[in-house]
Amino acid sequence: MRFLIAVAALLALLPFGLPPYAMTLLTEALILGLFAMSLDLMVGYARLISFGHAAAYGFGAYASGNFLLHTSMPLPCAVLLAGLLGGLVAIGVGWVCTQATGVSFSMLTLAYAQLLYAVAFKWTPVTGASDGLAGIPRNPGPFGVTWWSTKAGFYYLTLACLLGTFVFCRELVRSPFGAVLRGIRENEAKTIALGYNTRRYKIAIVAISFGFAGLAGALYAPFAGFANTELLFWLLSGQVLIMVIVGGAGTLIGPVLGAVFFLYMQQQLSSYTDSWALFFGVIFVLFVLFMPEGIWGLILSRFGKKAA
Amino acid sequence: MDFLPFLVTQCLNALSQAALLFFLGCGLTLIFGIMRIVNFAHGAFFMLGAYVGYSTVHWTGNFWAALIVAPILVGAFGAAFELGILRQLYGRDGHAFLMVTFGLTLIMGEVIRLIWGVEALQVKPPDSLSDIVFILDEPFPVYRLFLVGAGIVVAVVIWQFLERTRLGLLIRATSQNAEMVHALGTDVRLVRSAVFGIGCGLAGIGGVMAAPLVTASLGMAPNAVIDTFVIVIIGGMGSFLGSLIGAVLVAFVQVFGTYYFPDFALAFMYLIMVTVLVVRPGGLLGKEA
Amino acid sequence: MALLELDDLTKRYGGIVAVDHVTMRIDAGEVRAVIGPNGAGKTSLFHLITGVVKATEGSVRFADQDVSALPAHVRCQRGMSRTFQLTSLFPEMSARDNTRLAAQAREGKRWLPLGGSGVFHGAAQRGDAALERLGLTHVADRPAGLLSHGDQRLLEVAMALAQQPRLLLLDEPTQGLSVEETAQAVEVLASLFASAGLTVLLVEHDMEVVFRLAHKITVLHRGSVIADGDPETVKADESVQNAYLGGFA
């Protein structure tokens, strides 16, 4: 807890010392971190591998983009509402996807994402088709409240969303509900035999996870000012999965580090080579092979050894 | 256009599409059936087959050479991948395979982009197959008829292989009963590499055959892998007959759906898959009740 | 009073009859063993009772209610707790967390997504009590996957016990144990059954275990009941001896 407050304070102080371009990068890293953390709920705690998490992200982006473009809803309301909507829709998605287990589950999530991707190209009034939605504003609130429309203000809004999500998720994984998720991860047949309706738990965690991914997407739209089909593309689903595994699945903090690492490497590598994705594929495979516990998992076990 | 000729040509269209899907589906089923590995990179091997096919045709000017070179190269690459990488993972849970082959898909996509570039590449069918025949006065490309024939040949070969050979028996046994995998023991490590290589080689053939129809492009991998999994999930993981049925079903839905409801063809495919999963979670011919 | 009543229970797989018109009643407080040679249908019967598979014919009544149509997890909620023939645990969790998760399944709070570990209090107490009764307190903090095989089997029983079941179903509790481990496990189970007033249905093929633990024995052969009664009667029964000799021949 003390650690958490220290990190939060540090992150809150950063806008005073960083140049603007670094602020932009950091904000994007936090949004991606939130996205990766949401996926960790499924991958790390219930071992439900989603190959279509971009579906939730893109959904959130389009939803908040539409709210901001077509209504005068204040930015934070639009963002929260988009995340909530994403979570509600995901109840249906979860119902369908949990019909299957294992790989079939993963493929169903991918199929859902591809379906949304195809829909986004056709449903021009809502998605702007291949042009996407451009010029998404950061609507002011009542009484002329506009603090979130500045660079630093938007950063704080993002930080608040990330910290809020983290606190919620940490509570969730430590709760009775979270214990059942771990049971499903380790031995689903036994969990059923103990009297749990595991399917309902799985649907619930899909909805929660997709909801937070939607929140991340909903932040991205006003952050970038646009939303396009790239946000629904399967490559993004793959990238966020890489962030989770590289950072450390089942740790909540790890995936955020994974997102920061990902973005930093992307910045560094893309100035030397345009095939940075190749390196990421290799890094990802190496992590799965030799360091399945990820960066944060490794740090934790190091600290654990020192303490012992 | 009269209805009957239209129906016949569309059915032939669908069957040629089914042949391509079957090449993919049976390779995936072969690998899953005997190794219990889910090869997400299957679409990437398919794509590699198309590009290798393009280069072979480019250098030799001979499509038939491509049909031989591509599956061998792709299969050898698959076997090498099994030897070098996948072998490290036996004993870990199934998700490790899924993620490593997913990583391989990303890597192969990038490498192919570096070698062949981002432009879609046209592959010409051999002259003997580039004609058009008239079926009930409707023009129809010979190449698609060739695909239907090739699909039937491969289906028969696989069926005989499963019925007549020891390896085929083993595959049928393991697809019935996952526990049987343990009976494989550790002395059949070569069989694993070979099976993985053959499965990938089948995807490679599919890639070469698809190239004249759809061009070799970077979008092939994700589309192919989704289609493949859809048919295998519909048919039942590990069942060859299931993957054949799934391939035909999906192909017909794709062809007729695209014709009548161009905006919803994709949705139909998923709808069928979801319906099958709701009614029979293990697929039409799958083991799970 | 009968706690569990099976009426004409039948399960067919295609042409094969795994369980053939089995009728049986188990009274509250009784320790019943179902025995029989390999392939006699013991495990199939177990699956039918717990709801893992649905019967082709016949009914299962539990505590005066027909549960034939209910799925496994609901039957468990009604008070049937089971163990598996092959040890089935949560290997990366501690033994304590295993029993806690089991106990929590019977609580209204099992859905609670917030509130941290504090809300586990009741479940944790029942879990710890179950561990103690099976003599596992000293290994409570170790990951379940690292326990000795004998302790893992007992931990499964502890998990079922932590649910405070009305009917405890044990599927070959000494399966895969060495002779010494079996003897130890049987002693622990015997003292548990003697003290707790539990109703137990035990499926087992080890005759010594059965005669040590059970009040009444039902013998299955090729899916049907061929003998039923107290251990002495069953031991003397001729058809039982034939069935067993036939099973080994």
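Modeller: The radius of gyration is taken over C-alpha atoms, and the globule rule is 2.2 Å times the number of residues to the power 0.38. The model discussed here is predicted.

Colleague: What radius of gyration does chain B have, against that of a compact globule with 289 residues?

Modeller: Along its principal axes, the C-alpha trace of chain B spans about 60 × 45 × 35 Å. For 289 residues, a compact globule would have a radius of gyration near 19 Å. The value for chain B agrees with this, at 19 Å.

Colleague: In which helix of chain B is confidence lowest?

Modeller: The mean pLDDT of chain B is 82, and 91% of the residues score at least 70. Confidence in chain B is highest in helix H2 (residues 42-60), at 92. The lowest mean is 66, in chain B's helix H6 (residues 166-176).

Colleague: Which element gives the largest share of the side of chain B that touches chain A?

Modeller: The contact takes 31 residues from chain B and 29 residues from chain A. On the side of chain B, the elements giving two or more residues are helices H4 (94-116), H8 (220-235) and H10 (265-279) of chain B. The largest share is 14 residues, and the element that gives it is H4(B).

Colleague: How many residues on the side of chain B that touches chain A are nonpolar?

Modeller: The contact takes 31 residues from chain B. By class, two of the residues on this side are charged and four are polar. The number of nonpolar residues is 25.

Colleague: Where is the kink in H2(A) centred?

Modeller: Helix H2 of chain A has 26 residues (20-45), which at 1.5 Å a residue should span 38 Å, and its end C-alpha atoms are 36 Å apart, which agrees. The helix is followed by A:Arg47, which has a positive phi, near 55°. H2(A) also has a kink of about 35°, centred on A:Leu39.

Colleague: Why is chain C said to be as compact as a globular protein of its length?

Modeller: Chain C has nine helices and ten strands. For its 249 residues the globule rule gives 18 Å, and chain C is close to that, so it is as compact as a globular protein of that length, with a radius of gyration of 18 Å.

Colleague: In which strand of chain C is confidence highest?

Modeller: Chain C has a mean pLDDT of 81, with 91% of its residues reaching 70 or more. Its lowest confidence is in helix H9 (residues 238-248), at a mean of 64. The highest, at 88, is in chain C's strand E8 (residues 200-203).

Colleague: Which element gives the largest share of the side of domain 1 of chain C that touches domain 2 of chain C?

Modeller: Chain C is divided into domain 1 (1-79 + 166-249) and domain 2 (89-106 + 118-163), and their C-alpha centres lie 24 Å apart. Each of these domains gives ten residues to the contact. On the side of domain 1, strand E7 (167-171) and helix H6 (179-196) of chain C are the elements that give two or more residues. The largest share is five residues, from H6(C).

Notes. Residues are numbered from 1 along each chain as its sequence is written. Chains are lettered from A and ligands numbered from 1 in the order in which they are written. This is a predicted model: local features need pLDDT of at least 70, side-chain atom pairs count only at pLDDT 80 or more; totals for chains, interfaces and linings use all residues. Two residues are in contact if their C-beta atoms, placed from the backbone, lie within 7 Å. Helices (H or I, at least four residues) and strands (E, at least two) are DSSP runs, numbered from the N terminus. Ala, Val, Leu, Ile, Met, Phe, Trp, Tyr, Cys and Pro count as nonpolar, Asp, Glu, Lys and Arg as charged, and the others, Gly among them, as polar. Domain bounds come from an automatic or database domain assignment. The expected span of a helix is 1.5 Å times one less than its number of residues. The bend at a residue is the angle between axes fitted to the seven residues ending there and the seven starting there. pLDDT is the predictor's confidence in each residue, from 0 to 100.
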